[in-house]
Amino acid sequence: MRIQDIMSKTVVSITPEESAALAARLLTRHNLGILPVCSQSGKLEGVVTDRDIITRCLAASEDPSRVPVRDIMTRDPETLSPQDKGEDALRRMAKRQVRRIPVVEDGQVVGMVSLGDLAKKGRYEAEAAKALCDISANVTRRRQK
């Protein structure tokens with residue numbers, strides 16, 4: 001099954017100039033775990049997560065209303081193409097230890113795919129569970145160090 005058949009096509013994004021506070025509000029308002037960070041022309045420049053806001057802004061005693069997203073975003077995120085297969089997404093998620101990946105076509109974000117999206121497709125349920133276990137196990141190991 002292709003990513004274009006699995007992905008969520010509704011994407012909420014933010015520009016690098018916007019504040020971490022706005023990113024937090026968008027994540028909360030839309031019940032998201034990640035926002036693609038896109039230039040004015042729509043080119044993907046990075047991603048920002050609730051964890052980025054906490055660890056790179058709040059924990060550093062920075063004012064989220066004054067910190068631009070560009071200062072806390074993750075650059076060079078993993079991406080998928082709409083033509084990639086679900087198996088590709090699972091492999092990349094496990095490798096990069098992420099649960100969501102932007103789907104990019106011609107440099108533009110056209111969707112997002114999550115472990116949850118893959119798990120909803122019966123074909124990937126077992127693989128998604130394994131990927132989640134791998135991600136969670138690695139997170140636990142990092143915290144114990």
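Which residues lie nearest the centre of the second largest pocket? I will come back to that after a word on what we are looking at. This is a predicted model, in which local features need pLDDT of at least 70 and side-chain atom pairs count only at pLDDT 80 or more, while totals for chains, interfaces and linings use all residues. Residues are numbered from 1 along each chain as its sequence is written, and side-chain values use heavy atoms, with hydrogens and water left out.

Let me start with the chain as a whole. It has five helices and five strands, where helices (H or I, at least four residues) and strands (E, at least two) are DSSP runs numbered from the N terminus. Followed along the sequence, their order is α-β-β-α-β-α-β-β-α-α. The chain has 145 residues, and 43% of them count as buried, meaning under 20% relative accessible area with a 1.4 Å probe and protein chains only. If we take contacts, that is, heavy atoms within 4.5 Å, between residues at least 6 apart in sequence, then 56% of them join residues at least 24 apart.

Now to the pocket. Rolling a probe the size of a water molecule over the atoms shows where empty space is left. On a 1 Å grid over the protein atoms alone, a pocket is an open set of points where a 1.4 Å probe fits, with protein on both sides within 12 Å along at least five of seven lines, and lining residues have an atom within 4 Å of a point. The second largest pocket is lined by 15 residues, and those nearest its centre are Ser8, Thr10, Leu32, Ile34 and Met112. Strand S1 (34–38) and strand S5 (108–114) are the elements that give two or more residues to this lining, and S5 gives the most, with three residues.

Next, please look at Asp117, whose place is in helix H4 (residues 115–120). Is Asp117 buried or exposed? Asp117 counts as buried, because its relative accessibility is 15%. Leaving aside residues up to four places away in sequence, Asp117 touches Ile6, Ser8 and Met112. A polar atom of the Asp117 side chain also lies 2.9 Å from the backbone nitrogen of Ser114.

Finally, I would like to turn to helix H3 (residues 86–96), where Gly86, Asp88, Ala89, Leu90, Met93 and Ala94 are buried. Just after H3 comes Gln97, which takes a positive phi of about 60°.

Methods: Buried < 20%, exposed > 50% of the residue type's maximum accessible area, 1.4 Å probe, protein only. Polar contact = N/O pair within 3.5 Å; in protein donor to acceptor, adjacent residues only side chain to side chain.
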